[in-house]
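Please read these notes with the model open beside you. They are numbered so that each point can be checked in turn.

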Amino acid sequence: MEKKNKQSEPSFYVNFEKVYARNIDSNISLLNFLRHNCKFTGTKEGCSEGDCGACSVLIFDEKGSLAPVNSCILKVGQIIDKNIVTIEGASKLSSAKPLIQALNSEAASQCGFCTPGFVMAALALKEKHKSPSESVIHDSLSGNLCRCTGYRPIVNGIQSLKEKIKFPMPINSKGLKLKTAIFGKTTYIYPDSKKELIEFISKEKNYTVLSGGTDWNLEAEDSNFKEQKILFLNNIKEMSTIKTKTSSFEIGACVTLSKFEELCREFFSPFLDTIIRFGSPQIRTAATVGGNLGTSSPIGDLAPLFFVLEAELSLLGPKGERTIPIKDFFKGYRKNALKRNELIYKVKVPKTKKEDSIFSWKLSKRYDQDISTLSLAAKLKMDKNHTIEHIILSAGGVGPTPLLLDKTSKLLKDSNLRFNQNSLITALNHDISPISDLRGTAKYRSAAMVGLIKKMQRSAISGEQQHSIMSI
Ligand SMILES: Cc1cc2nc3c(=O)[nH]c(=O)nc-3n(C[C@H](O)[C@H](O)[C@H](O)COP(=O)(O)OP(=O)(O)OC[C@H]3O[C@@H](n4cnc5c(N)ncnc54)[C@H](O)[C@@H]3O)c2cc1C
Ligand code: FES
Ligand code: FES
């Protein structure tokens, strides 16, 4: 690797300086690279699973905006040409010093293990907000755990600083973009156009599709022992952008949850209840829409939302694109309609109409940073006498796949939301088949689903989404 032409070597930027990903003999995480290869040991390892935020660093996107990300579940192969800032780099920036001083003044650190991660999350917040509300601060810290200080001094420290933090612009990597990079037995392939993508999937058979890696990188612990090819999708611009059409949005499969959150803030705001509880800000920086559907998990948070929006998936294979309704995508527990060498290219989401109401709820063991035990999404059209013209209900966590609740929707429509509990239970029993697992018993899931439907009924009648799980 040392003797190669520097331009063809994988590299990225750490604290505004170029680093070459040399002498890497495995599919190493960014965290291990920073600590062992760069000796930036300020970034800490806590859980190694994306749950604690000790390993948070900042990453710049293509527009120069920065966000926190968990370096423990990000592989070096995923950040080629990107700009990363660690606590070492941040502490040298004069613009970041007031925040660090504010945290010091509030005694917002004891053992200090979590502190670099908190500083990273707080810097990303203060880059966007001059004076964020307490709830915005809490959301921005939801991916960071502290076992000794307690959160009050940390929140106070952030609140005491009444100015935005300005970061230098990231370094723009010019010149030849890498097409492949090898880390030990793992080869990354980097198509940057649909044409290159089709060329690759037309000739290769054995490879793994990778996007944010927040799911696959956790499963891939022993991947260093076998040869593998990773088809990294995120450099394809069309797959990473949201196109607004007259009556729909085309969401590229590599659009991150953070970008999707922005779209929801503007056009699907009732879904924010679910989206701002999708992992943490660090997870949402990396996790993608296509990756979420690609896991085909029955508790993936996006499927029920897309079901009720009647989204269509554009699937790309060697022969080009084909479109299917999302209701035909999930075929069984973690099984989907993708054929060999096909991948999710885009999600086409119709805009909601003025007269449509949409709702979503997520129940999980922990409020923040937890995957769903079950979830419910709804879209309905109702006149002022509460006559339902149209209703779609979809649920996660109550069957082997995300589900459409057809029988229950029919009951709600036919009764104009004036159903009795027994008929609701009968209809739900037809639609759902919950199981007991670590997150909840089948009995709990059935009972909680009855509660969510009643919450939906009350929300539809009042016109306001009922949030609190105590409000039934
Ligand atoms: C701490 C933590 C919290 C989480 N919280 C939540 C949560 O609250 N809600 C939730 O739903 N999920 C959650 N997840 C799971 C995960 O973050 C999401 O499923 C995420 O959307 C996956 O996207 P990704 O881009 O990271 O996928 P990747 O890990 O890159 O890929 C996931 C799978 O999908 C396949 N894939 C990726 N892109 C495509 C594509 N375009 N076409 C076909 N297949 C594809 C991959 O081959 C792989 O099998 C959490 C994960 C962690 C670690
Ligand atoms: S070490 Fe805990 S999130 Fe990375
Ligand atoms: S200060 Fe010790 S873990 Fe937070």
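What distance separates the centres of domain 1 and domain 3?

1. The distance is 39 Å, taken over C-alpha atoms. Please keep in mind that this is a predicted model. The domain assignment divides the chain into domain 1 (1–175), domain 2 (180–233) and domain 3 (357–472).

2. Next, the overall build. The chain contains 16 helices and 20 strands. Its radius of gyration is 23 Å, close to the 23 Å that the globule rule gives for 472 residues, so the chain is as compact as a globular protein of that length. Along the principal axes, the C-alpha trace spans about 70 × 60 × 45 Å.

3. Of the 472 residues in the chain, 45% count as buried. Among contacts with a separation of 6 or more, 64% are made by residues 24 or more positions apart.

4. Now the interior. In soluble globular proteins, nonpolar side chains tend to be buried together. Here the largest nonpolar core has 125 residues, and those with the most contacts inside it are Leu58, Val119, Leu123, Phe306, Ala378 and Met449. Helix 4 (residues 115–128) gives the most to this core, with eight residues.

5. Leu123 deserves a look of its own. Which residues does Leu123 contact, leaving aside its neighbours within four places in sequence? They are Leu58, Ala90, Ala96, Leu99 and Ile165. Leu58, like Leu123, is listed among the core residues with the most contacts.

6. Strand 3 is the next element to find. Four of the five residues of strand 3 (residues 56–60) are buried, so this strand is largely enclosed by the rest of the structure. Strand 3 runs antiparallel to strand 4 (residues 66–70), and five bridges join the two. Val57 has Val69 in strand 4 as its bridge partner. Strands 3 and 4 form a hairpin with five residues between them, and in the turn Gly64 has a positive phi of about 85 degrees.

7. Strand 3 has another pairing to check. With strand 5 (residues 83–85) it pairs in the antiparallel sense, over two bridges. Leu58 stands opposite Val85 in strand 5.

8. In what order do the strands of the four-stranded open sheet lie? The order is 6-7-9-8, and the pairing is mixed. The edge strands, strand 6 (180–183) and strand 8 (208–210), each pair on one side only. From one strand to the next, the twist averages 25 degrees. Strand 7 (residues 186–189) and strand 9 (residues 228–232) run parallel and are joined by four bridges. Tyr188 stands opposite Ile230 in strand 9.

9. Another open sheet has five strands in the order 10-11-16-12-13, with antiparallel pairing. Strand 10 (242–244) and strand 13 (320–325) stand at its edges, each with a single partner strand, so one side of each is left without a neighbour in the sheet. The twist averages 20 degrees from one strand to the next.

10. Last, the partner of strand 13. Strand 12 (residues 312–317) runs antiparallel to strand 13 and is joined to it by six bridges. The bridge partner of Glu312 in strand 13 is Pro325.

Methods
Residues numbered from 1 in each chain as written. Chains lettered and ligands numbered in written order. Predicted model: local features only at pLDDT ≥ 70, side-chain atom pairs only at ≥ 80, totals over all residues. Core = buried A, V, L, I, M, F, W, Y, C linked by C-beta atoms within 7 Å. Buried ≥ 20, exposed ≤ 12 C-beta atoms within 10 Å, placed from the backbone. Contact = placed C-beta atoms within 7 Å. Domains from an automatic or database assignment. Rg over C-alpha atoms; globule rule 2.2 N^0.38 Å. Pairing = 2+ DSSP bridges. Axes fitted to C-alpha atoms, helices over the stretch in contact; angles between N-to-C directions.
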